[in-house]
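I opened the notebook on this model today. These entries record what I looked up, in order.

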Amino acid sequence: MTPVLSVEGLSKRFGGVTAVDDVSFSVAAGELLAMIGPNGAGKSTCFNLVGGQLKPDRGRVRLFDHDLVGLPPRRIWRFGVGRTFQITAVFQSMTVVENVQMALISGRRRIGALWPKASHLYVDEALELLSRVGMLDQADRACSVLAYGDLKRLELAVALANAPKLLLMDEPTAGMAPAERIELMQLTSSIVRERGISVLFTEHDMDVVFAHANRIIVLNRGRLVAAGVPAAVRADPSVQEIYLGSAGTPAPSGSPA
Amino acid sequence: MAFVVIQFLNGLASAADLFLVSAGLSIIFGVTRIVNFAHGSFYMLGAYLAFTLVEGVVGPALGFWPGIVAAAVAVAILGGLLEVTLLRRIYQAPELFQLLATFGVVLIVQDLVLLVWGPEDRIGPRAPGLEGAVSLLGHQFPRYDLFLIALGPIVLGALFLLFRRTRWGILVRAATQDREMAAALGVNERWLFTSVFVLGAFLAGLGGAVQLPREAVHHTMDLEIIVEAFVVVVIGGLGSVTGAFLASIILAELNAFGIVIFPEVTLVLVFLVMAVVLVIRPTGLLGRPEFAIRAASGVAEPPITPQSEAARNWVFAGVLGLAVLPVVADAYVLSVATEIMIFVLFAISLQFLMGISGMVSFGHAASFGLGAYGAALMIKHAGAPMELAFLAGIGLAALGALVIGWFCVRLTGVYLAMLTLAFAQIAWSVAFQWYGVTGGDNGILGVWPAAWAASPIVFFYLTLAVTTLALVILRRIIFAPFGFGLRACRDSVLRAEAIGIDRRQVQWLGFAVAGAFAGVAGALYAFLKGSVFPDVLAVPVSVDGLVMVLLGGIQRLNGPIVGALVYKLLQIVLASYTDYWRLVIGVIIIGLVVAFPQGIVGFFGTRLDALLVQRRNSP
């Protein structure tokens with residue numbers, strides 16, 4: 001079966017620093033793939049290369065049969081890639097439900113319409129998405145008054161609006177309390193399972209990673225150093241060395257902060 | 001060949017004062033994040049003060065060189081005073097209000113200069129020791145210009161040493177790169193800001209003073225130089241002194257050779273170069289990534305909602321009130337009311353651009369003026385009826401906005417704003433210089449409405465109907481999918497692109513829509529006045545629009561209505577009492593900015609909201 005996302009030989013340099021170095025991996029249908037690694041390992045760069053925010057120097061990124069390299073984020077989104085950001089990005093001048101309606105309007109290519117009232121369009125669908133992420137009761141609130149966890153849920157609803165085949169979630173639980181993290185990831189994994197969506201996510205919280213990922217890939221200094229099911233990655237000595245330092249010797253100095 | 005060299009040297013000489021002004025503008029912006037419109041005023045004051053001190057109009061004549069230096073020092077002191085007394089109070093206000101305050105200073109200085117020195121041009125003396133010319137390659141070349149050619153690199157070198165070799169310079173560079181971090185490391189910001197302002201003002205004052213022997217001192221040189229300085233800073237990159245140096249040479253050389261080779265298209269040349277630079281390097285030759293202009297800083301922003309029943313009733317009552325005005329008002333009052341309505345429409349179109357689409361324009365006069373000229377040209381050259389000319393006005397404004405917008409949406413924030421100003425200035429120059437078509441500064445006369453609309457009452461009703469209709473349509477667009485798309489791009493480009501929105505395309509069309517509606521206002525204005533002059537494209541019109549929108553509160557949908565009403569009324573009333581209305585308006589603007597940093601409607605609206613919430617919460 002062809003993977004949903006396949007990445008081959010992805011590389012990106014910033015000046016003299018190779019942020020992502022010859023990374024290859026794939027995401028199978030319905031799979032939750034976690035990308036982990038210490039700070040500076042190249043996770044966010046990798047994400048932005050896949051999502052179109054950055055352009056790779058080398059390598060291929062394919063969604064099913066579509067080549068995504070060089071496409072702007074908006075085109076990648078139209079192929080069915082939803083995105084949430086490490087620091088939430090929502091539309092402040094719109095209410096919660098209008099944020100979702102905006103994504104639906106864009107998905108149906110109605111953005112050029114000058115006359116219909118946007119707030120009357122796709123209301124039912126927007127409310128259904130909000131209800132699925134548990135935000136129905138906050139539909140008419142301003143985004144500026146939402147709690148951080150609720151903003152993350154809103155981003156999830158927005159990302160789901162275009163019926164994506166793949167979700168890119170950059171640190172979906174960053175900045176949240178531990179109990180909230182578990183809740184949000186449970187919500188995310190139940191939604192993607194019922195809709196058959198594949199997920200690529202980065203995460204610092206190992207409890208979240210090992211509880212929800214089907215497979216894990218490990219980056220260090222831009223290189224892919226391990227990949228496999230959680231148990232295998234957990235047992236991998238090179239991964240342990242990255243996270244704990246090898247026994248008896250101090251952690252290597254000069255590792256990027 | 002010799003001619004080319006001489007012309008090149010001419011260009012270098014005229015680059016000097018441009019560089020001095022632009023460098024100061026750039027340094028001040030880098031540290032304080034203030035786009036100092038008053039920088040041109042510093043330059044003008046430098047020139048006038050140098051004239052007075054050198055000639056000894058009041059007190060003893062200092063002689064040329066001491067007079068030049070004394071003028072620059074005096075301007076530096078004025079700059080420092082301005083920073084301490086005014087800007088220091090408003091660093092916490094949104095950036096656009098700081099800009100508004102510096103506009104206020106521009107207006108005040110303009111009238112002060114007229115009061116003190118009068119309207120006639122002042123010719124300065126020659127520089128002792130540098131009179132006459134030297135013979136260069138068989139051409140006569142002014143000695144003084146050689147001095148100016150040397151001055152640019154000398155100042156650049158001095159600034160370089162100042163920034164690299166002194167502790168103060170290191171602090172300035174630190175603050176330019178990261179103001180918060182510099183403050184967190186214990187840098188005394190107050191002192192730093194004041195001293196940077198003093199330095200910037202000194203450079204501008206010096207720039208004005210040294211050109212005394214070259215060109216006459218006159219009272220419109222402030223806006224002329226500030227527009228050029230903006231172009232320089234945009235090309236060179238904001239915050240970069242070396243960039244300002246390169247760009248001022250490029251600009252001055254373009255002017256020097258353009259005037260010889262294609263005198264009619266010099267400005268187009270300048271514009272083309274700027275366009276090419278910006279398309280290739282959106283942050284200028286040596287600039288770093290853009291700085292966004294924030295309309296509101298750190299304030300949680302409420303969603304833009306369709307207006308409340310009460311607000312709608314107010315607007316409705318206003319329209320109704322206007323509808324019965326002709327019963328009680330005479331022709332003069334009607335024409336004043338008509339003019340105010342036209343500016344309400346203009347302000348609303350600008351708010352659509354700034355508040356809804358997030359693109360701050362310093363050059364909205366371009367659209368207004370193109371609307372006016374489109375209508376007038378159609379009447380003058382095609383003898384078209386009013387209705388057709390009106391449509392031509394809207395068409396020309398929309399077309400102009402499409403062209404200008406195509407470039408502008410490639411940029412964001414301050415760069416975008418400065419580019420709009422540059423384009424507006426180009427449109428102004430074309431109207432001013434293209435005698436054969438536009439009549440130059442003689443304008444186009446005889447742009448009267450059709451016979452059926454000729455009476456003031458009918459034209460009043462026509463304007464009321466058009467303005468109301470335009471208002472309704474723009475409102476509708478704001479809450480339509482397209483308006484949502486514009487707001488999405490304003491709120492978060494990252495998110496907008498991640499849900500499939502093509503930011504540039506949406507903003508480009510938004511720019512055109514705003515331009516078309518400003519064009520409607522401009523065409524109405526042409527018929528109201530019966531004539532069109534290049535003034536309709538000039539900087540003050542753009543500034544008027546900004547003041548109206550900002551006074552009204554940029555986020556309030558009805559803000560521009562109140563802002564335009566208050567400001568235009570004030571302008572008309574003051575102008576009928578005093579010749580120095582700019583002075584009064586400048587003082588009022590500064591007072592309003594200090595007192596109401598959220599705008600009038602914003603201020604009272606927030607108080608009103610707070611009151612309503614209190615009442616609802618109390619048992």
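**A helix pair in chain B**

Helix 13 of chain B and helix 21 of chain B are roughly antiparallel to each other, I noted, because the angle between them exceeds the 145 degree cut-off. The model is a predicted one. I then took down the geometry: helix 13 (residues 331-356) and helix 21 (residues 503-529) of chain B pack at about 170 degrees, and their axes are 8 Å apart. I checked the handedness of the crossing of these two helices, and it is left-handed.

Next I listed the contact residues. Helix 13 of chain B contributes, among them, B:Ile342, B:Leu345, B:Phe346 and B:Leu353. From helix 21 of chain B I wrote down several, including B:Phe511, B:Phe517, B:Leu524 and B:Tyr525. I sorted the contact by class: 16 residues are nonpolar, three polar and one charged.

**Domains of chain B**

I looked up the domain assignment for chain B, which gives domain 1 (2-220) and domain 2 (331-536). I read off 34 Å between the C-alpha centres of these two domains of chain B.

Most residues other than glycine have a negative phi. I looked at two residues in chain A against that background.

A:Phe64 has a positive phi of about 50 degrees. I placed A:Phe64 in the loop between strand 4 (58-63) and strand 5 (66-67) of chain A. Is A:Phe64 buried or partly exposed? It counts as partly exposed, because it has 14 C-beta neighbours inside 10 Å.

For A:Glu171, I found phi near 45 degrees, also positive. A:Glu171 sits in the loop between strand 7 (166-170) and helix 6 (178-195) of chain A. I logged A:Glu171 as buried, because it has 21 C-beta neighbours inside 10 Å.

Note on methods: Residues numbered from 1 in each chain as written. Chains lettered and ligands numbered in written order. Predicted model: local features only at pLDDT ≥ 70, side-chain atom pairs only at ≥ 80, totals over all residues. Axes fitted to C-alpha atoms, helices over the stretch in contact; angles between N-to-C directions. Helix = DSSP H or I, 4+ residues; strand = E, 2+ residues; numbered from the N terminus. Parallel < 35°, antiparallel > 145°, perpendicular 65-115°, else oblique. Left-handed = near helix turned anticlockwise from the far one by under 90°. Contact = placed C-beta atoms within 7 Å. Nonpolar A, V, L, I, M, F, W, Y, C, P; charged D, E, K, R; others polar. Domains from an automatic or database assignment. Buried ≥ 20, exposed ≤ 12 C-beta atoms within 10 Å, placed from the backbone.
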